[in-house]
Amino acid sequence: MADAPRAEGPRPTRTVPARAADREELAEAVEWYARMVLARRFEDEAERQFRRGRIGGYLHLYSGQEAVAAGFLSVLRDDDIFFTGYRDHAHALFRGASPGAVMAELFGKTTGLAKGKGGSMHLFDVARGFYGGYGIVGGHIPLATGAAYALRYRGTDRVCLCFLGDGAMNSGAFHEPLNMAGLWGREGLCPIVYIVENNQYAMGTSVERSSAVTDLASRFAAYAIEAERADGMDFLGVRRLAQRVVARVRESGRPYAVEMLTYRFAGHGAADLFQPYRTKEEVAQARQRDPILLLEQRLRSAGLLDDAAVRRIHDEAEREVLEAVRFAENSPAPPPEELYTDVYGGPW
Ligand SMILES: Cc1ncc(C[n+]2csc(CCOP(=O)(O)OP(=O)(O)O)c2C)c(N)n1
């Protein structure tokens, strides 16, 4: 702060607009609280449907990490784009995809976000700037980096977000594009934010056992990319960080990275039932900082949420998710001819 310390006298009036801005920010946060509640309820229901055999393939839940995607996607412009890994349902919902289309994709139906061809790990919604949903760990990092370059090459001020896991940082697919991003960034040609969702584990392997350097943010220095580490459980904190970082990348065209400390409440995938790599006490402790509860407490103490409003939001999420399941159940499965559409080759 450049201001000299003020010993006495009235508080400056310029704090008034700041407080008004805070209120506006909190009012918007109520909307994001509702979206996070919906995403959590969606994940719980997806797990139930998976266990009933309605969802084939794999299923990776995002519960616990909601504040990261919500915080960043809440500040993105409509024409910006983003990529993520396979833990992708909430990302699609936060960007405005309908729960029915996401659930139908999990069910493999034609009404799904990717016509039922992608399933849980490969959601895709180009109209909303969502370029997937990737099952190969780290496989999307080169694509996202190239896309960021393309945005600048075409003369736009659009920004690309690339969400990745802590495990993905140890893949070869991380290092090559990061080097290019560092180089392109010198010319202001790589407007990308790498958002490491450090949920402490890659499948059953903790960061301590898989990364030689556990301060993940510091590893971006190897590619001349500035980075910082922050709490990923506090929605308002993530959102403020995202506002600052996205504005800076949009302005400079230089890449930036954030390591968001978060936690996944569910197992790695739906088959990871016993989780021998962590204790129940550890999970219970992490749940005390559930991002949805933290935001709820903050909004309650600001007088923007009460019991009735919370109940309404939860009831609405319940209704929307059950409606999504009905929609998915009643949607048609793709006909065999669909095997030959959206592929590079013709029938043979
Ligand atoms: C190239 C590749 N190697 C291995 C796997 C198997 N695999 C699936 S998920 C995963 C762990 C990834 O952890 P992280 O990037 O931290 O993501 P998180 O599951 O924590 O969100 C691994 C090794 C894979 N899918 N792709």
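**Notebook: a partly exposed glutamine, then the sheet**

Entry 1. I started at Gln 200, which has 27% relative accessibility and so counts as partly exposed. The cut-offs explain the label: buried means under 20%, exposed means over 50%, and partly exposed lies in between. I am working from a predicted model. I placed Gln 200 in the loop between S3 and strand S4, residues 201-202. I then checked its backbone. Gln 200 has a positive phi of about 80 degrees, although it is not a glycine. I noted the background rule: most residues other than glycine have a negative phi.

Entry 2. Which residue has a positive phi of about 60 degrees although it is not a glycine? I found Asp 342. Asp 342 sits in the segment after helix H11, residues 307-330. Is Asp 342 buried or exposed? Its relative accessible area is 57%, so I wrote down exposed.

Entry 3. I went back to Gln 200 and looked up a contact. Leaving aside neighbours within four places in sequence, Ser 206 touches Gln 200 and Tyr 201. Ser 206 belongs to strand S5, residues 205-206. With a relative accessible area of 13%, Ser 206 is buried. I also took a distance from Ser 206 to Gly 167. They are 39 residues apart in sequence, and their C-alpha atoms are 9.0 Å apart in space.

Entry 4. Next I traced the sheet. In what order do the strands of the open sheet lie? I read S1-S2-S3-S7-S6, which makes 5 strands with parallel pairing. Strand S1 (81-83) and S6 stand at the edges, each with a single partner strand, so one side of each has no neighbour in the sheet. On average, neighbouring strands of this sheet are turned by 20 degrees against each other, direction ignored.

Entry 5. I walked along the pairs.

Entry 6. I then turned to S7, residues 256-261. How many of its 6 residues are buried? I noted 5, so S7 is mostly covered. Strand S3, residues 192-198, pairs with S7 in the parallel sense over 6 bridges. Tyr 194 has Ala 257 in S7 as its bridge partner. Strand S6, residues 226-231, also runs parallel to S7, and 6 bridges join the two. Here Glu 226 has Tyr 256 in S7 as its bridge partner.

Entry 7. I followed the chain from S6 to S7. S6, helix H8 and S7 make a right-handed β-α-β unit, with H8 spanning residues 235-252.

Entry 8. Last, I compared two helices. The axes of H2, residues 66-73, and H8 come within 8 Å and cross at roughly 40 degrees. H2 and H8 are therefore oblique to each other. The crossing of H2 past H8 is right-handed. Which residues of H2 meet H8? I listed Ala 67, Val 68, Ala 70, Gly 71 and Phe 72. On the H8 side they meet Phe 235, Val 238, Arg 239, Leu 241, Ala 242 and Val 246.

How values were computed:
Residues are numbered from 1 along each chain as its sequence is written. This is a predicted model: local features need pLDDT of at least 70, side-chain atom pairs count only at pLDDT 80 or more; totals for chains, interfaces and linings use all residues. Side-chain values use heavy atoms; hydrogens and water are left out. Buried means under 20% relative accessible area, exposed over 50%, partly exposed in between (1.4 Å probe, protein chains only). Helices (H or I, at least four residues) and strands (E, at least two) are DSSP runs, numbered from the N terminus. Two strands pair if DSSP finds at least two bridges between them. A crossover is right-handed if, with the strands pointing away from the viewer, the path from the first strand over the helix to the second runs clockwise. Axes are lines fitted to C-alpha atoms, for helices over the stretch in contact, and angles run from 0 to 180 degrees between N-to-C directions. Angles under 35 degrees count as roughly parallel, over 145 as roughly antiparallel, 65 to 115 as roughly perpendicular and the rest as oblique. A crossing is left-handed if the near helix is turned anticlockwise from the far one by less than a right angle, and right-handed if clockwise. Contact means heavy atoms within 4.5 Å.
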